[in-house]
Amino acid sequence: MKIIGITGGVGAGKSAIMDYLMRNYNAKVVRADEVAHLVTQPGKACYMRLVSLLNDDILNEDGSIDRKKMANKIFSDKGLLASVNSIIHPAVREYLMNDIEREKQLGKRDFYFLEAALLIEEGYEQVCDELWYIYASDDVRRKRLRETRGYSDEKTDSIMRNQLSDDMFRRYARVVIDNSGTLEESFKQIEGVING
């Protein structure tokens, strides 16, 4: 089983690529954001630590963590963000390492695709056999974020400023998929990489 890390900037179209990989290959597709959501559920490893750190005003009525409230609370406080990340990231990594080991032992899949915005920053190149960078031009990314998420230019600027540069993504990635055009064009590039 080949472990491939998928990364790229916000709005690059990683989700569409992951959906394609899941539909068309004998692969397990895992998104680190979804794992982060799992490990912060009530009763899970990170839950009480986050509530202790951020107080119970981040909770929904059912006791679960409201991700939007949590994001708003930590968005402008880099110290608080670092503290939250120091709680969540190790738990996500432990979950992923266990999941990868389980899939290896089962021996049924050809690929394990792991998508994470902070793949490089969190050192997942040591876990993955190779990294793929999903690239899209800044203009395309901005347009997508406006149209699909309703992001303002200011919000997009703020997120992009805090992400790795194109040069840094390319330095770590063995494969670059240019997702600036149509999805069909991107899918052809993927087929070329996997079948090549």
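Start by selecting β4 (130-135), α6 and α8 (166-172): each supplies at least two residues of the lining of the second largest pocket. Keep in mind as you look around that this is a predicted model.

Within that lining, β4 gives the most, with 3 residues. Now show Y133, D138, R141, L164 and D166, which lie nearest the centre of this second largest pocket, out of 14 lining residues. Its volume is about 160 Å³.

Next, move to the largest pocket, with a volume of about 2,100 Å³. Select D33, A117, L118, I159 and Q163 to land at the residues nearest its centre; the lining has 50 residues. Several other helices each supply at least two, including α1 (14-24), α2 (32-39) and α7 (153-161). By class, the lining of the largest pocket has 24 nonpolar, 14 polar and 12 charged residues.

For the last stop, select strand β3, residues 111-115. Is β3 covered on one face or on both? Both: F111, F113 and E115 are buried on one side, as are Y112 and L114 on the other. With 5 of its 5 residues buried, β3 is therefore largely enclosed by the rest of the structure.

β1 (residues 2-7) runs parallel to β3 and is joined to it by 5 bridges; look for I6 opposite E115. β2 (residues 27-31) is also parallel to β3, with 5 bridges joining them, and here V30 has L114 as its bridge partner.

Note on methods: Residues are numbered from 1 along each chain as its sequence is written. This is a predicted model: local features need pLDDT of at least 70, side-chain atom pairs count only at pLDDT 80 or more; totals for chains, interfaces and linings use all residues. Side-chain values use heavy atoms; hydrogens and water are left out. Buried means under 20% relative accessible area, exposed over 50%, partly exposed in between (1.4 Å probe, protein chains only). Helices (H or I, at least four residues) and strands (E, at least two) are DSSP runs, numbered from the N terminus. Two strands pair if DSSP finds at least two bridges between them. On a 1 Å grid over the protein atoms alone, a cavity is a set of points where a 1.4 Å probe fits but cannot get out, and a pocket is an open set with protein on both sides within 12 Å along at least five of seven lines; lining residues have an atom within 4 Å of a point. Grid points are joined across faces, edges and corners, and a volume is the space filled by probe spheres set on the points. Ala, Val, Leu, Ile, Met, Phe, Trp, Tyr, Cys and Pro count as nonpolar, Asp, Glu, Lys and Arg as charged, and the others, Gly among them, as polar.
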